[in-house]
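Subject: Structure handover and notes on helix packing

Dear colleague,

My notes follow directly below it.

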Amino acid sequence: MTTLTPQKPAIPQPGGDVTPAPEPRPAQDPAWRELVDAVREAGQYPTRSEAESVTRVVLSALGGHVVGDERVDLARALPEEAARVVASQIPATRSLTAVEFVDSVAARIEGATPATARWDVSSVLSVLPPLVGDELVTRILDQLPPGYALLFGRAELTPAA
(Lines give C-alpha, C1' and ligand atoms only; values in the text may rest on other atoms or scores of the structure.)
Protein backbone atom coordinates (compact mmCIF):
# COMPACT_ATOMS: atom_id res chain seq x y z
CA MET A 1 0.00 0.00 0.00
CA THR A 2 1.31 3.43 -0.90
CA THR A 3 0.76 6.35 1.43
CA LEU A 4 0.58 9.76 -0.12
CA THR A 5 1.91 12.68 1.86
CA PRO A 6 0.60 16.09 0.89
CA GLN A 7 3.37 18.44 -0.04
CA LYS A 8 4.01 21.26 2.37
CA PRO A 9 4.36 24.74 0.93
CA ALA A 10 7.92 25.99 0.82
CA ILE A 11 9.01 29.18 2.53
CA PRO A 12 11.72 31.09 0.68
CA GLN A 13 14.64 32.11 2.90
CA PRO A 14 17.15 34.92 2.41
CA GLY A 15 19.92 33.72 0.14
CA GLY A 16 17.58 31.60 -1.99
CA ASP A 17 17.30 28.60 0.35
CA VAL A 18 13.87 27.02 0.65
CA THR A 19 12.63 25.30 3.80
CA PRO A 20 9.36 23.43 4.26
CA ALA A 21 6.59 25.28 6.05
CA PRO A 22 6.29 24.37 9.73
CA GLU A 23 3.56 21.98 10.79
CA PRO A 24 0.41 23.84 11.78
CA ARG A 25 -0.05 23.87 15.54
CA PRO A 26 -3.34 22.33 16.58
CA ALA A 27 -3.10 24.37 19.78
CA GLN A 28 -4.18 27.38 17.70
CA ASP A 29 -7.71 25.99 17.62
CA PRO A 30 -9.81 28.44 19.67
CA ALA A 31 -11.80 25.67 21.36
CA TRP A 32 -8.58 23.90 22.38
CA ARG A 33 -7.19 27.20 23.74
CA GLU A 34 -10.38 27.70 25.75
CA LEU A 35 -10.10 24.20 27.22
CA VAL A 36 -6.44 24.74 28.15
CA ASP A 37 -7.29 28.16 29.62
CA ALA A 38 -10.06 26.59 31.71
CA VAL A 39 -7.60 23.96 32.98
CA ARG A 40 -5.00 26.65 33.66
CA GLU A 41 -7.51 28.62 35.72
CA ALA A 42 -8.89 25.55 37.56
CA GLY A 43 -5.42 24.26 38.38
CA GLN A 44 -3.83 27.69 38.87
CA TYR A 45 -0.95 26.74 36.58
CA PRO A 46 1.60 29.51 36.05
CA THR A 47 1.90 28.97 32.29
CA ARG A 48 -0.33 27.93 29.42
CA SER A 49 2.35 25.42 28.41
CA GLU A 50 2.11 23.64 31.76
CA ALA A 51 -1.69 23.57 31.58
CA GLU A 52 -1.54 22.22 28.03
CA SER A 53 0.89 19.48 29.01
CA VAL A 54 -1.24 18.40 31.97
CA THR A 55 -4.37 18.47 29.78
CA ARG A 56 -2.75 16.19 27.21
CA VAL A 57 -1.49 13.71 29.82
CA VAL A 58 -4.81 13.46 31.68
CA LEU A 59 -6.94 13.19 28.53
CA SER A 60 -4.54 10.57 27.18
CA ALA A 61 -4.91 8.53 30.37
CA LEU A 62 -8.69 8.95 30.32
CA GLY A 63 -8.84 7.93 26.66
CA GLY A 64 -7.64 4.45 27.50
CA HIS A 65 -10.38 3.91 30.07
CA VAL A 66 -13.46 5.28 28.35
CA VAL A 67 -14.75 2.87 25.71
CA GLY A 68 -17.67 2.32 23.38
CA ASP A 69 -20.28 4.96 22.66
CA GLU A 70 -19.09 7.06 25.58
CA ARG A 71 -15.62 7.34 24.08
CA VAL A 72 -17.06 8.29 20.68
CA ASP A 73 -19.42 10.84 22.24
CA LEU A 74 -16.63 12.26 24.40
CA ALA A 75 -14.40 12.73 21.36
CA ARG A 76 -17.25 14.42 19.48
CA ALA A 77 -17.91 16.82 22.36
CA LEU A 78 -14.28 17.85 22.83
CA PRO A 79 -12.23 20.31 20.77
CA GLU A 80 -10.51 18.62 17.83
CA GLU A 81 -7.06 18.38 19.43
CA ALA A 82 -8.48 16.99 22.68
CA ALA A 83 -10.59 14.51 20.72
CA ARG A 84 -7.46 13.31 18.93
CA VAL A 85 -5.68 12.77 22.24
CA VAL A 86 -8.61 10.75 23.65
CA ALA A 87 -9.33 8.73 20.52
CA SER A 88 -5.71 7.81 19.82
CA GLN A 89 -5.40 5.72 22.98
CA ILE A 90 -5.51 1.95 22.95
CA PRO A 91 -8.24 0.75 25.34
CA ALA A 92 -6.85 -0.44 28.67
CA THR A 93 -6.88 -4.16 29.34
CA ARG A 94 -8.18 -3.65 32.87
CA SER A 95 -10.04 -0.92 34.68
CA LEU A 96 -8.07 1.15 37.13
CA THR A 97 -9.48 2.34 40.41
CA ALA A 98 -9.50 6.11 40.76
CA VAL A 99 -6.39 5.92 42.95
CA GLU A 100 -4.60 3.72 40.39
CA PHE A 101 -5.66 6.13 37.63
CA VAL A 102 -4.16 9.08 39.53
CA ASP A 103 -0.99 7.05 40.16
CA SER A 104 -0.76 6.24 36.44
CA VAL A 105 -0.95 9.96 35.66
CA ALA A 106 1.73 10.67 38.29
CA ALA A 107 4.00 8.21 36.49
CA ARG A 108 3.59 10.20 33.25
CA ILE A 109 4.43 13.62 34.71
CA GLU A 110 8.03 14.28 35.66
CA GLY A 111 8.38 15.06 39.35
CA ALA A 112 4.71 14.39 40.13
CA THR A 113 3.55 12.90 43.40
CA PRO A 114 0.18 11.23 43.97
CA ALA A 115 -1.04 14.50 45.55
CA THR A 116 0.07 16.71 42.66
CA ALA A 117 -1.25 14.19 40.13
CA ARG A 118 -4.64 14.21 41.87
CA TRP A 119 -4.62 18.01 41.54
CA ASP A 120 -3.71 17.71 37.86
CA VAL A 121 -6.37 15.09 37.14
CA SER A 122 -9.06 17.06 38.95
CA SER A 123 -8.00 20.28 37.24
CA VAL A 124 -8.61 18.69 33.84
CA LEU A 125 -11.59 16.45 34.54
CA SER A 126 -13.51 19.08 36.52
CA VAL A 127 -13.66 21.38 33.48
CA LEU A 128 -15.19 18.67 31.28
CA PRO A 129 -18.82 18.63 32.56
CA PRO A 130 -19.69 22.15 31.35
CA LEU A 131 -17.95 21.38 28.05
CA VAL A 132 -19.31 17.91 27.26
CA GLY A 133 -22.51 17.91 29.31
CA ASP A 134 -23.53 16.34 32.59
CA GLU A 135 -25.41 13.49 30.88
CA LEU A 136 -22.26 12.29 29.09
CA VAL A 137 -20.17 12.62 32.25
CA THR A 138 -22.76 10.49 34.08
CA ARG A 139 -22.51 7.82 31.36
CA ILE A 140 -18.70 7.90 31.57
CA LEU A 141 -18.80 7.60 35.37
CA ASP A 142 -21.21 4.66 35.10
CA GLN A 143 -18.58 2.84 33.06
CA LEU A 144 -15.67 3.60 35.40
CA PRO A 145 -15.03 2.03 38.82
CA PRO A 146 -16.24 3.93 41.92
CA GLY A 147 -14.15 6.92 42.99
CA TYR A 148 -13.90 8.82 39.71
CA ALA A 149 -16.81 11.19 40.43
CA LEU A 150 -14.71 13.29 42.80
CA LEU A 151 -12.09 13.69 40.08
CA PHE A 152 -14.81 15.19 37.85
CA GLY A 153 -15.83 17.57 40.63
CA ARG A 154 -18.92 15.61 41.66
CA ALA A 155 -19.93 14.12 44.97
CA GLU A 156 -19.64 10.35 45.04
CA LEU A 157 -23.03 9.17 46.22
CA THR A 158 -23.42 5.57 47.27
CA PRO A 159 -26.73 3.80 47.70
CA ALA A 160 -27.87 3.21 51.29
CA ALA A 161 -27.48 -0.34 52.54
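Which residues in α2 meet which residues in α4? On the α2 side they are R56, L59, S60 and G63, and on the α4 side E81, A82, V85 and V86, where contact means heavy atoms within 4.5 Å and where helices (H or I, at least four residues) and strands (E, at least two) are DSSP runs numbered from the N terminus. By class, this contact has 4 nonpolar, 2 polar and 2 charged residues, with Ala, Val, Leu, Ile, Met, Phe, Trp, Tyr, Cys and Pro counted as nonpolar, Asp, Glu, Lys and Arg as charged, and the others, Gly among them, as polar.

Before the rest, please note that this is a predicted model, in which local features need pLDDT of at least 70 and side-chain atom pairs count only at pLDDT 80 or more, while totals for chains, interfaces and linings use all residues. Residues are numbered from 1 along each chain as its sequence is written, and side-chain values use heavy atoms, with hydrogens and water left out.

The chain as a whole

The secondary structure comes to 8 helices and 2 strands, and along the sequence the pattern is β-β-α-α-α-α-α-α-α-α. Of the 161 residues, 37% count as buried, a term that means under 20% relative accessible area, with exposed meaning over 50% and partly exposed lying in between (1.4 Å probe, protein chains only). Among the contacts with a separation of 6 or more, 60% are accounted for by residues 24 or more positions apart. The chain exposes about 9700 Å², of which carbon and sulfur atoms supply 57%; accessible areas come from the Shrake-Rupley method with a 1.4 Å probe, and for residues only the protein chains shown count as cover.

Helix α2 and its partners

Helix α2 covers residues 48–63, which is 16 residues, and reaches 22 Å from its first C-alpha to its last, close to the 22 Å expected at 1.5 Å a residue (the expected span being 1.5 Å times one less than the number of residues). Its buried residues are A51, E52, V54, T55, V57, V58, L59, S60, A61, L62 and G63, and these pack against α1 (30–43), α3 (68–77), α4 (80–87), α5 (98–108), α6 (114–125) and α7 (128–132).

With α4, helix α2 packs at an angle of about 45 degrees, the axes being 7 Å apart; axes are lines fitted to C-alpha atoms, for helices over the stretch in contact, and angles run from 0 to 180 degrees between N-to-C directions. The two helices are therefore oblique to each other, given that angles under 35 degrees count as roughly parallel, over 145 as roughly antiparallel, 65 to 115 as roughly perpendicular and the rest as oblique.

Two residues of this contact can be described further. S60 is buried, at 14% relative accessibility, and, leaving aside its neighbours within four places in sequence, is in contact with V85, Q89 and R108; S60 and A82 are 22 residues apart in sequence and 8.8 Å apart in space, C-alpha to C-alpha. E81, in helix α4, counts as buried at 7% relative accessibility, and between E81 and Q28 there are 53 residues of sequence separation and 9.6 Å in space, C-alpha to C-alpha.

With α1, the axes come within 9 Å and cross at roughly 100 degrees, which makes α1 roughly perpendicular to α2. Here W32, R33, L35, V36, D37, V39 and R40 of α1 meet R48, A51, E52, T55, R56 and L59 of α2, and the classes are 6 nonpolar, 1 polar and 6 charged residues. In the loop between α1 and α2 lies Q44, which counts as exposed at 64% relative accessibility and has a positive phi, near 55 degrees. Most residues other than glycine have a negative phi.

Helices α5 and α6

The axes of α5 and α6 come within 8 Å and cross at roughly 100 degrees, making α5 roughly perpendicular to α6. The contact is made by F101, V102, D103, V105 and A106 of α5 with P114, A117, R118, V121 and L125 of α6, and its residues divide into 8 nonpolar, no polar and 2 charged. Also in α5 is A98, buried at a relative accessible area of 10%, whose contacts beyond four places in sequence are P146, G147, Y148 and L151.
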